[in-house]
Amino acid sequence: MHDVIPTVAFPSGISVPALGQGTWNMGEDASHAKGEIESLQAGIDLGMTLIDTAEMYADGGAEEIVGTAIKGRRDEVFLVSKVYPWNAGRDGVVEACERSLKRMKTDHIDLYLLHWRGSHPLTETVAGFESLKRAGKIGAWGVSNFDVDDMKELLSLPDGGNVAANQVLYNLGRRGIEFDLLPWCQARHIPVMAYSPIEQGRLAHHPDLIHIGKACQATPAQVALAFVLGRQGVIAIPKTAQVSRARENREAASIRLTEADYAALDAAFPPPKNKKPLEMI
Ligand code: NDP
């Protein structure tokens, strides 16, 4: 019997599960498509209904996989996609969104993110996002890979305060955001989406996590996910193309880390003592 997945509320009031699904590397190889689709569908069945993708992944191939996986059940899913920075001009962002919608065979994206900062002025990108919102093609917009200074700049712009989320690298081995970005976002009720929460699979083999996991009867990947899920206002989006791992990752929501577990995790993966520039993968 598993616990209900905790939820995180967006500024609009919409709540989503704090444990979703990533899709990077999906859609690269047609022979893997079946497994990728089945894994995403199993994840939805298990309540991991937030799906994160991007026009970048497999040049749109991941969005096509997502479109197939959610066919007939669009309403169950909270769909997140991302625009390349070089497509993020006022009109470019609208055209990129139209292409993403077509690939995913849907008429709206729930949350549309700027993948990382590029050369288009943020005012242009925000204006494009806002026009997409007015047209009902996106429910909300946000950013990715924005550090505190970027967020402050964004919030100083017209409509910049409508930012709904910031998706950044966050896992036990990459705790830099705990120093400033995470508390900054938490104080403003801007959800943080933690990408690569298992450090692209590497934390699943980490000796310290194997050891700590034994104490709480969890796999290393589950401990890594439980750690991220334990943070207020954080959404973890692990990617897997294996149904058994989707089940395993889902069970991370049922793991209660104790004070002793947290102490062991801090010893193995020390929290930051000072400001570190935001890391990116
Ligand atoms: P993750 O930390 O989610 O790790 C994914 C890797 O771990 C895959 O190789 C997967 O293999 C493996 N894995 C998954 N579950 C388990 C498990 N229980 N045990 C062992 N191995 C496991 O890395 P990602 O980089 O994929 O990050 C997650 C998502 O975040 C991406 O898919 C993407 O949607 C998003 N992202 C966003 C970025 C941005 O710039 N905004 C940058 C990077 C990621 P397998 O599939 O074979 O199970």
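Is Tyr-57 of this predicted model buried or exposed? With 24 C-beta neighbours inside 10 Å, Tyr-57 counts as buried.

**Figure 1. Strand β4 and its two partners.** Five of the six residues of β4 are buried, and the strand is mostly covered. Three bridges join β4 to β3, and the two run parallel. In this pair, Ile-51 stands opposite Leu-79 of β4. Strand β4 (residues 78-83) also pairs with strand β5 (residues 109-114), in the parallel sense and over four bridges. Here Lys-82 has Leu-113 in β5 as its bridge partner.

**Figure 2. Helix α3 across the sheet.** Asp-107 is found in the loop between α3 and β5. This residue counts as exposed because it has 9 C-beta neighbours inside 10 Å. Asp-107 and Asn-171 are 64 residues apart along the chain, and their C-alpha atoms are separated by 33 Å.

**Figure 3. Strands β7 and β8.** Strand β7 (residues 166-169) runs parallel to β8 and is joined to it by four bridges. Asn-166 stands opposite Val-192 in β8. In a regular strand the side chains alternate between the two faces of the sheet. In strand β8 (residues 192-195), Val-192 and Ala-194 point one way, whereas Met-193 and Tyr-195 point the other way. All of these β8 residues are buried.

**Figure 4. Helix α2 and its packing.** Eight of the nine residues of α2 are buried, so the helix is largely enclosed by the rest of the structure. The buried residues are Gly-61, Ala-62, Glu-63, Glu-64, Ile-65, Val-66, Gly-67 and Ala-69. They pack against α1 (33-45), β3, β4 and α3.

**Figure 5. The loop between β3 and α2.** Tyr-57 sits in the loop between β3 and α2 (61-69). UniProt, in an unreviewed entry, places the feature "active site" at Tyr-57. Leaving aside residues up to four places away in sequence, Tyr-57 touches Thr-23, Trp-24, Met-26, Gly-27 and Ala-62. Ala-62 is one of the buried residues of α2. Asp-59 also has its place in the loop between β3 and α2. In contrast to the buried Tyr-57, Asp-59 is exposed, with 11 other C-beta atoms within 10 Å. Most residues other than glycine have a negative phi. Asp-59 has a positive phi of about 50° although it is not a glycine.

**Figure 6. Asn-25 in the loop between β2 and α1.** Asn-25 lies in the loop between β2 and α1. Its phi is positive, about 80°, although Asn-25 is not a glycine. With 16 C-beta neighbours inside 10 Å, Asn-25 counts as partly exposed.

**Figure 7. Ser-12 in the loop between β1 and β2.** Ser-12 lies in the loop between β1 (7-9) and β2 (15-17). Its 12 C-beta neighbours inside 10 Å make Ser-12 count as exposed. Not counting residues up to four places away in sequence, Ser-12 touches Ala-140 and Ala-164. The C-alpha atoms of Ser-12 and Lys-137 are separated by 16 Å, and these two residues are 125 residues apart along the chain.

**Figure 8. The shell around the ligand.** The ligand is surrounded by 27 residues, and the closest are Gly-22, Trp-24, Gly-201, Ala-204 and Lys-239. Trp-24 is also among the residues that Tyr-57 touches. The shell divides into ten nonpolar, twelve polar and five charged residues. Helix α9 (residues 243-250) contributes the largest share, three residues.

Figure 9. UniProt lists residues 19-267 for "domain: NADP-dependent oxidoreductase", in an unreviewed entry. Over residues 19-267 the chain is 41% helix and 13% strand. The end C-alpha atoms of this stretch are 25 Å apart.

How values were computed
Residues numbered from 1 in each chain as written. Predicted model: local features only at pLDDT ≥ 70, side-chain atom pairs only at ≥ 80, totals over all residues. Pairing = 2+ DSSP bridges. UniProt positions renumbered as here; feature names shortened; annotations may be inferred. Buried ≥ 20, exposed ≤ 12 C-beta atoms within 10 Å, placed from the backbone. Contact = placed C-beta atoms within 7 Å. Near = placed C-beta within 6 Å. Nonpolar A, V, L, I, M, F, W, Y, C, P; charged D, E, K, R; others polar.
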